[in-house]
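Subject: A structure for you to look at

Hello,

Here is the structure I promised to pass on to you. Have it open while you read, and my notes on it follow below.

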Amino acid sequence: MYGNWETVIGLEIHAQLSTQSKIFSGSSIAYGAEPNTQANAVDLALPGTLPVLNKEVMRLATRFGLAINATINKKSVFERKNYFYPDLPKGYQTSQLELPIVEHGELFITVNGEEKRIGVTRAHLEEDAGKSLHEDFDGCTGIDLNRAGTPLLEIVSEPELSSAAEAVAYMKKLHSLVQYIGICDGNMQEGSFRCDANVSVRPKGQKELGTRAEIKNINSFRFVEKAINHEIERQIELIEDGGEVVQETRLYDADKNETRSMRSKEEANDYRYFPCPDLLPVVIDDSFIDAVRDELPELPDAKKARFVCEFGLSAEDAGQLTASREMADYFEAVVAAGVDAKMAANWCNGELSAWLNKEEKGVADSPVSAAMLAGLCQRIADNTVSNKIAKEVFEAMWNGEGDADAVIDAKGLKQITDTGAIESMIDEILASNPGQVEQYRAGKEKVFGFFVGQVMKATQGKANPAQVNQILKQKLAG
Amino acid sequence: MEFHQQTLTELSAALAAGETTSRALAEHFIARFKAFDGDLNTLVTETFEQALADADAADQRRASGQSLGPLDGLPFAHKDIFCTKGVKTTCGSKMLDNFISPYDATVVEKLKAAGMVCLGKTNMDEFAMGSSNETSYFGEVKNPWNHSKVPGGSSGGSAAAVGARLVPATTGTDTGGSIRQPAAFCGITGIKPTYGRVSRYGMIAFASSLDQAGVFAASAEDAALMLQAMSGFDERDSTSIERPVDDLVSGLGESIEGKTIGLPKQFFDDGLEVPVRNAVNKAIKVFKSLGAEVKGIDLPNIGLSVPVYYVVAPAEASANLSRFDGVRYGHRCDNPADLTDLYKRTRAEGFGDEVKRRIMMGTYALSSGYYDAYYIKAQKIRRLIRDDFLKAFEEVDLIAGPTTPGLPFGLGEQTDDPVTMYLNDIFTIGVNLAGLPGMSIPAGMEAGLPIGLQLVGKHFAEAELLNAAHQYQQKTDWHKQLPAAYQ
Amino acid sequence: MSLDSDAVKNIAHLARIAVSEEDLQTYAKDLSNILDMVDQMNAVDVAGVERLSNALDQTQRLRADVVTESNQRDELQACAPQTEQGLFLVPRVIE
């Protein structure tokens with residue numbers, strides 16, 4: 001794509017863990033509260049306050065580590081990362097450096113049909129900072145510390161991604177996985193899942209890495225791809241013009257589709273990491289890890305393989321169904337209600353997904369429940385409605401008009417399967433269209449479609465297509 | 001006998017026997033502060049009005065048979081390092097001169113729950129950094145035995161207040177000797193328990209892995225009473241130990257016959273002033289007469305205590321004090337031009353020289369390129385020092401030695417050179433590095449100035465320590481001495 | 001170990017403490033003296049010795065994941081130097 005250049009990308013993702021309370025205090029982490037109403041003495045770093053570690057945070061981090069086949073460090077240590085910023089009340093962020101909870105994991109991505117293994121160097125725990133509001137305060141910045149202390153899992157990939165497309169695939173896979181295993185809600189608008197990309201280029205075949213630039217806080221998949229591609233081009237152009245890439249932090253501007261240097265973070269920071277003496281080394285044993293392992297849900301890749309095997313689905317269909325746990329569960333519920341797996345898959349990946357996308361809803365918010373869809377599928381299977389009509393029924397169900405039977409009844413959509421009725425209808429149509437009948441009998445097979453269309457028109461689409469085909473063929477054959 | 005000539009234990013008995021009231025006690029000691037503290041400067045903030053109300057409440061409880069226990073209604077004062085709700089909490093610093101704490105430290109809660117009556121917040125070296133109480137923003141504290149001498153530090157105010165019996169007991173904190181050294185200098189009993197025995201929640205942090213709260217009182221018996229109430233697991237402090245508190249009081253009277261006391265040979269070299277050496281030797285004889293065996297022990301790495309401490313403590317402090325930035329509480333400079341100006345001027349104005357020096361020392365020791373050589377190395381040597389103690393304790397029950405290398409020095413005498421000041425803690429620091437419990441008890445006088453004996457116990461052996469101290473105090477009366485001006 | 005004024009300048013900046021030009025020298029001298037004292041550590045060989053962070057070799061206790069705090073904004077902002085609409089104010093920060 002870039003001629004003689006190779007791209008090296010590493011992603012750092014901050015996932016906000018789905019706990020009730022903060023990592024080191026008992027304050028709530030619920031989104032959207034009034035400023036500083038979820039910030040207690042510990043969160044505000046009042047003199048004399050101390051941190052106490054949230055057990056759930058350790059469990060969720062361990063769960064993640066198991067889901068990516070990583071090493072779970074039985075002893076991990078919290079360190080202080082020292083720097084001054086108004087959204088950082090203690091003047092240091094409690095994080096992990098030398099001994100993170102999770103190390104050496106892997107994630108498999110598929111790009112253009114090819115699978116690639118991406119190493120996950122580490123995942124460590126840290127506390128989030130507060131928020132700064134720069135508008136509305138007359139030359140001042142307002143600080144809200146509700147978010148300060150929210151637990152984050154920082155997930156760092158090996159620099160093994162070689163294109164923006166791979167980066168997006170990795171990000172999407174991770175985004176799906178963290179929701180799958182219930183450790184993060186993945187809500188990018190609310191900041192629960194944030195991505196920084198480290199991008200560098202080097203001449204094809206060169207072993208040494210080029211100087212990298214960090215692009216911060218990219219909050220949508222669309223922007224990741226654009227930002228990274230823009231940055232790659234910027235770096236290549238810069239080097240080809242004789243310049244040098246500077247190691248720096250850049251912000252992506254979505255409106256202008258460009259990255260620009262962040263002034264305030266440009267100076268190299270000496271973070272003076274050291275183990276936090278208010279916290280002790282965290283030691284977890286095999287029984288802790290085993291208990292977490294027992295709760296691990298079936299992971300996406302395993303589920304996909306099972307769907308292929310158990311339900312006879314194609315890899316593509318299975319992949320689409322298992323992209324989200326909710327969709328996979330929905331599908332299985334439909335099948336469990338007695339629907340053929342292929343039909344269920346078609347409807348989940350087809351109509352259901354289309355409507356969900358159209359209205360930007362998640363599976364959990366679908367007005368058509370699994371039971372309702374199963375009911376509709378059964379009416380297709382028992383020939384009450386055709387597949388085509390069923391789509392109308394689906395729309396009506398989506399709009400709250402009741403379940404399949406109610407809608408079919410109310411709208412009179414029942415399929416016509418009475419052979420006698422169909423026969424007489426076909427007789428009528430053939431009688432009214434002698435010209436086309438002759439054409440067909442003379443060999444023009446395409447005319448068949450015309451007749452089918454006429455029957456459907458006359459029956460408002462309710463004639464059972466299979467029967468129509470059969471009877472029509474019969475009658476035309478003479 | 002006047003109230004200030006009685007111990008906490010005796011006052012407790014008097015209250016229980018109905019011989020006096022909490023109100024009477026509060027009034028008496030308030031009067032003493034009013035008479036003497038203009039001179040001594042032991043208090044930063046007085047809470048006399050509240051104290052009288054608390055005393056009355058204690059009397060009412062007692063009258064209706066609902067006394068909270070042996071400490072109910074007894075007067076004392078808190079070192080101004082403990083956050084006290086609704087009351088100014090300064091930590092001896094301009095940085096917190098306007099800080100009214102919105103919450104109570106655990107130690108404060110516990111002593112309130114025991115019914116004790118707090119008369120005020122005592123003066124201290126700024127952010128607990130000092131050995132003479134000369135770095136306080138609120139002025140120096142005088143030694144009640146000799147006003148031209150320092151009371152010791154950092155808990156100088158707490159020590160001097162008890163030394164002059166302005167109050168029978170006070171709380172203190174000890175990071176490198178800040179209870180034991182001033183106890184020695186003021187002729188009183190001071191105890192620092194095992195690290196983690198008393199909660200640090202609400203105790204403004206200096207060096208987190210070393211800080212511990214403790215007590216100043218006129219006797220081991222008194223100290224035991226208070227420490228009992230202060231100790232215990234606190235879920236708000238991750239370093240707090242989940243171990244039941246031993247009964248520190250009922251075993252005080254036991255004989256110490258057969259106990260082995262170790263004397264570290266490194267504590268008795270040429271640096272030890274003669275009067276201190278003599279007092280310590282005399283004290284050892286008393287212990288022998290009580291039936292204890294005495295033997296020499298070796299703490300090979302103890303000579304590195306001071307260098308290790310002055311890397312580890314400032315390093316931890318440099319991070320602990322980063323929160324003082326003028327944003328959420330405390331001092332803020334006027335008209336900050338921008339964020340950097342806000343931070344730099346606020347901190348330059350709010351902190352005194354010694355604090356700034358230690359923050360910078362700590363920042364340096366943690367900085368890129370120096371972390372390995374300083375901080376990591378110091379932590380490794382710390383292990384060696386601790387392990388020396390643990391090894392020694394395989395052979396002895398207690399360790400004894402001098403608390404300080406010399407007599408209380410003069411005000412202004414050591415303020416020119418920080419390192420000279422640091423060497424005052426040469427015998428006490430190792431105990432903090434090892435997390436062991438330590439005490440200082442009065443063991444002699446020279447030229448009208450008190451000399452302290454240090455006792456160190458195994459982890460969680462506070463009861464054993466207090467027992468030994470109490471037995472010594474049954475046989476000697478150094479601890480009963482009061483400076484003439486305050487009798 | 002000796003520190004010069006430039007070194008002190010850097011340290012003071014990391015620690016966000018304003019130090020006047022004259023005071024830089026004094027701090028340099030004092031810190032150098034302290035470092036000389038600290039350099040006594042060089043006498044010890046610590047090969048194979050593990051670092052000690054906590055004197056009692058404790059490990060971290062885990063707290064149950066429960067919300068225990070309620071809104072305390074008014075109380076906790078009573079001691080704040082400058083607030084508006086519930087936010088702590090600082091001079092404008094440019095990102």
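Before we start, one term: two residues are in contact if their C-beta atoms, placed from the backbone, lie within 7 Å. Please also keep in mind that this is a predicted model.

Leaving out residues up to four places away in sequence, A:Ala167 touches A:Ile9, A:Leu11, A:Leu161, A:Ala197, A:Val224 and A:Ile228. A:Ala167 belongs to the largest nonpolar core, which has 257 residues. A:Phe64, A:Ala167 and A:Ala197 are the residues with the most contacts inside that core. Helix 2 of chain A, residues 164-180, gives the largest share of this core, 10 residues. Another core lies apart from it and has 34 residues, among them A:Leu313, A:Met327, A:Ala344 and A:Met397.

Next, have a look at helix 1 of chain A, residues 55-67. How many of its 13 residues are buried? The count is 12, so the helix is mostly covered. Among the buried ones are A:Glu56, A:Arg59, A:Arg63 and A:Phe64. After helix 1 of chain A comes A:Asn69, with a positive phi near 55 degrees.

Now a residue in a loop. A:Gln38 sits between strand 1 (5-16) and strand 2 (53-54) of chain A. Is A:Gln38 buried or exposed? A residue is buried if 20 or more other C-beta atoms lie within 10 Å of its own; A:Gln38 has 30 such neighbours, so A:Gln38 counts as buried. Not counting residues up to four places away in sequence, A:Gln38 touches A:Ser27, A:Ser28, A:Ala33 and A:Asn146. From A:Gln38 to A:Leu99 there are 61 residues in sequence and 30 Å in space, C-alpha to C-alpha.

Last, the place where the chains meet. Here 34 residues of chain B are in contact with 26 residues of chain A. On the chain B side, helix 9 (305-320), helix 10 (339-350) and helix 11 (353-366) each give two or more residues. The largest share, three residues, comes from helix 9 of chain B. By class, the side of chain B that touches chain A has 17 nonpolar, nine polar and eight charged residues.

Enjoy exploring, and write back with any questions!

Best wishes

Conventions. Residues are numbered from 1 along each chain as its sequence is written. Chains are lettered from A and ligands numbered from 1 in the order in which they are written. This is a predicted model: local features need pLDDT of at least 70, side-chain atom pairs count only at pLDDT 80 or more; totals for chains, interfaces and linings use all residues. Helices (H or I, at least four residues) and strands (E, at least two) are DSSP runs, numbered from the N terminus. Ala, Val, Leu, Ile, Met, Phe, Trp, Tyr, Cys and Pro count as nonpolar, Asp, Glu, Lys and Arg as charged, and the others, Gly among them, as polar. The expected span of a helix is 1.5 Å times one less than its number of residues. A nonpolar core is a set of buried Ala, Val, Leu, Ile, Met, Phe, Trp, Tyr and Cys residues joined through C-beta atoms within 7 Å.
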